[in-house]
Amino acid sequence: MRHSLKRLIWFVSSCSLLQAATPSFDGNRAFTYLTIQTDMGPRNPGSRGHAACIQWLMETGEKWADTVVTQEFTGYNPYGPDNVSLTNVIFRFQPKNPERVMLSAHFDTRPVADLDRFRRNEPILGANDGASGVAVLVHLAQILAQFPPAIGVDIAFWDGEDMGRPDYPEEFCQGSRYYSQTPLEPVPHRGILIDMIGDSELQIFYELYSLRFAPELTKEIWDTAKKAGYADVFIPKHGPMVYDDHVPLSEGGIPTVNIIDFQYPDARRNYWHTHEDTPDKCAPESLQCIGDVLLMWLYGQE
Ligand SMILES: [Zn+2]
């Protein structure tokens with residue numbers, strides 16, 4: 001009796017050891033990082049939520065990254081009377097390793113709801129457009145701290161992505177543009193940007209700038225998604241062309257793919273750049289899918 005109890009205890013403890021030895025992504029955990037951000041309110045530059053989000057990212061990075069680097073600069077604000085202070089926050093893992101990749105997302109949210117029917121001059125909450133990508137990357141940082149990867153990784157959180165007026169691309173992506181002019185050494189060889197990946201009806205097509213700047217990496221990611229069991233989400237067909245942070249990054253020398261679901265939620269309705277961009281339109285399952293694919297891709301790198 002005592003012997004079999006011992007065996008049972010041994011069996012249970014070795015099972016939990018086995019579990020602990022494999023990096024795995026928890027979509028529900030990531031979703032809590034999404035609502036931590038939306039609970040701060042809108043995170044448009046100059047707002048209280050924006051300052052709180054930078055503080056949270058820095059504290060999180062101190063816990064899990066090898067080093068945290070911030071880049072502060074002055075951004076152009078076409079909607080406000082004054083220019084604004086912007087801050088990129090970059091978590092570095094193995095900061096001296098020249099073999100490295102970059103994962104990134106923007107953390108700022110849109111200062112206006114220009115596609116809404118109401119309250120167009122007020123900032124949006126940005127659960128999907130802002131918080132979703134950050135949520136996945138913060139949880140990935142937590143996993144990287146526990147399971148150091150074979151290569152160096154920079155996880156960058158861009159500021160000032162969503163500040164522009166429509167038809168003025170140079171007013172968008174201010175953080176990634178600043179970075180591409182002042183990159184951290186050693187510079188990553190390639191990168192993945194995630195944006196608007198929290199939509200509960202997730203479908204991701206090839207984004208056309210990504211195919212232009214990083215065709216091989218694009219195919220590699222869609223192949224990885226298929227292997228991970230997400231062939232129904234990652235559709236290997238041409239999708240939209242979206243001016244996003246991957247454009248300045250790629251032009252600056254880091255070929256970067258944008259994983260983005262630009263139909264939010266579908267062809268008939270639109271929550272993008274409206275006050276409808278709230279956590280209830282997002283799902284832990286979607287964060288789980290993106291996290292699984294990034295983990296599988298990241299730990300397959302050598
Ligand atoms: Zn946006």
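Mentor: Helices and strands here are DSSP runs, numbered from the N terminus; a helix has at least four residues and a strand at least two. The model is predicted.

Start with the phi angles. Most residues other than glycine have a negative phi, and most peptide bonds are trans. Asp167 is not a glycine, yet its phi is positive, about 75 degrees. Asp167 is exposed, because its relative accessibility is 76% and the cut-off for exposed is over 50%. Arg119 also has a positive phi, of about 45 degrees, and is not a glycine. Arg119 sits in the loop between strand S3 (100-106) and helix H4 (127-146). Its relative accessible area is 48%, so Arg119 counts as partly exposed.

Now the peptide bonds. Tyr264 and Pro265 are joined by a cis bond, with omega about 5 degrees. Pro265 belongs to the loop between strand S8 (256-260) and helix H9 (284-299). A cis bond also joins Glu185 and Pro186, where omega is about -15 degrees. Pro186 falls in the loop between helix H5 (174-181) and strand S5 (190-195).

Arg92 is in strand S2 (residues 84-93). Arg92 is buried, because its relative accessibility is 5% and buried means under 20%. A polar atom of the Arg92 side chain lies 2.8 Å from the backbone oxygen of Glu185. The Arg92 side chain also reaches the backbone oxygen of Pro186, at 3.2 Å. Beyond four places in sequence, the contacts of Arg92 include Leu184, Asp66, Thr67, Arg100 and Asp154. Val153 is another contact of Arg92. The two are 61 residues apart in sequence, but their C-alpha atoms are 6.1 Å apart.

Finish with Gln301, in the segment after H9. Gln301 counts as buried, at 12% relative accessibility. Its side chain makes a polar contact with the side chain of Arg190, at 3.0 Å. A polar atom of the Gln301 side chain also lies 3.2 Å from the backbone oxygen of Trp297. Leaving out residues up to four places away in sequence, Gln301 touches Ala150, Ile151, Arg190 and Glu220.

Conventions: Residues numbered from 1 in each chain as written. Predicted model: local features only at pLDDT ≥ 70, side-chain atom pairs only at ≥ 80, totals over all residues. Heavy atoms only, no water. Buried < 20%, exposed > 50% of the residue type's maximum accessible area, 1.4 Å probe, protein only. Polar contact = N/O pair within 3.5 Å; in protein donor to acceptor, adjacent residues only side chain to side chain. Contact = heavy atoms within 4.5 Å.
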